[in-house]
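Here is a short briefing on one protein model. Look over the sequence and structure first, then read the points below.

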Amino acid sequence: MIAKTFMGLEPVLAKELTQLGANNVQEGRRMVSFTGDKELMYRANFQLHTAIRILKPIKHFQALSADDVYEGVKTVDWNDYLSLDKTFAVDSVVFSDEFRHSKFVAYKVKDAIVDQFRERTGKRPNISVTNPDLRLHIHIADVAPGKSECTLCLDSSGDSLHRRGYRQESVEAPLNEVLAAGMILMTGWQGECDFVDPMCGSGTLLIEAALIAHNMAPGLFRKEFAFEKWADFDAELFDKIYNDDSQESEFKHHIYGYDVDVKAVNTARLNVKAAGLTSDITVTEQDFKDFTQPAEKSIMVTNPPYGERISTPNLLATYKMIGERLKHQFTGNDAWVLSYREECFDQIGLKPSIKIPLYNGSLECEFRKYQMFDGKMKVFREEGGTVKTDEEKRQMAEKHRFKKEREFKKRLDEQEENEGADIRNFKFHSLEERKPRSNSREPRDSRGGRDGRDGRDSRGPRKFAKGGRDFDKKNRRFRHDED
């Protein structure tokens, strides 16, 4: 299988997969390949914090032309995956001189599938862009002049996995949930001290931190995954995974969010309430310039404005203020800052102990760690202080994958270059599918649901009531949906 992610998060995702029990874990560009069974595929969608999509390859072939793509796709027996009463959609990612337009490739895949059904039955399945019963993904990349490798996959996720489901409202330029989780996991924080975001926006970092601290599955709030509509969907197995909270842990500290914008504060509070995490997270209206030394040991992770989509009256002065607050009001703690402009980092005026390249959308950013200690670096080291852990040194070594003389204003096409995982070095594994378990539950309707509830599951209740959770786990919907 293939787990897609953002540039820079591959090592974090690989570690997550290994901990989940995946085999043959190999990092690529914007992706990690792995092997496992159906249960692992379900768990990967439900439990991974840093994956944006889980793909299951079903065909691997070479192509010299569009006709080769058509013929390669047509060799698949589509009766195994699709029927005339089901709909499908095709996504494509192309890195090729021969195949220059990804939409054209998607059309050829669609034509091959439709023509196979027409030749056999005289009828064809329909396309549904918004809510298909089967999502397909084809990746094409050149391996030699005039030769391209094609990997055709089933998309087991559906909507991008960053769409957790807890976000009720948003603010301008919100931080992607997958990126937020990746940033937190990079710090090594697992809930062993307080967590602070002094520029919290809609609260994404706060909520992702709470999920990590409690070891809660980020897919908890989603209404559905694409694999729930597959013909071999094992409802009993997924119910077991969905309702298993045995790995969740108690969080003994607290998470604090601040923002100068009252609208952002209200939005963050709404999202925190929807996630049922009000007992773990406190959001307060406060300017960063008024930030004071926390009473308890804390870690800070924050994403200040870059001056791109969000501007401030004096951007450089804002970063100078950040450095001043950290130096005087965050002593003895670690602060991590994600930003885009080198000149902004310069204004912080502090020496970072680590710089990790990350993409925030199409912006090539850096995630920098500042260790706030009293006195000079030499004394700090002599007293046994550690500036870089072995893991942080390894992360720094990853910088060679970014251009050494890069321009901070460089842009990438977000859809094709960043979110589209590069699977050119994926090794295709031919794995025998285990037979699907018998489903003793009620039959699902054509939309993948049960009991005729518009695709929503009749899952059993869960044993937790953290913070007056506003999410009805039994029916996989927020209670205010009924209003």
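Two strands pair if DSSP finds at least two bridges between them. Helices (H or I, at least four residues) and strands (E, at least two) are DSSP runs, numbered from the N terminus. The model is predicted, so local features need pLDDT of at least 70, side-chain atom pairs count only at pLDDT 80 or more, and totals for chains, interfaces and linings use all residues. Residues are numbered from 1 along each chain as its sequence is written, and side-chain values use heavy atoms, leaving out hydrogens and water.

**Confidence**
- The mean pLDDT (the predictor's confidence in each residue, from 0 to 100) is 82, and 75% of residues reach 70 or more.
- Residues 400-468 have pLDDT below 50; this stretch has 186 contacts (heavy atoms within 4.5 Å) in the model beyond near neighbours in sequence.

**Overall make-up**
- The protein has 13 helices and 17 strands.
- Of its 483 residues, 55% count as buried, meaning under 20% relative accessible area with a 1.4 Å probe, protein chains only.
- C153 is buried, with a relative accessible area of 0%, and C365 is buried, also with 0%.

**The open sheet**
- Seven strands form an open sheet with mixed pairing, in the order β11-β10-β9-β12-β13-β15-β14.
- β11 (281-285) and β14 (354-360) stand at the edges, each with a single partner strand, so one side of each lacks a neighbour in the sheet.
- Strands β13 (residues 333-339) and β15 (residues 363-372) pair in the antiparallel sense over seven bridges.
- W336 stands opposite K369 in β15.

Notes: Buried means under 20% relative accessible area, exposed over 50%, partly exposed in between (1.4 Å probe, protein chains only).
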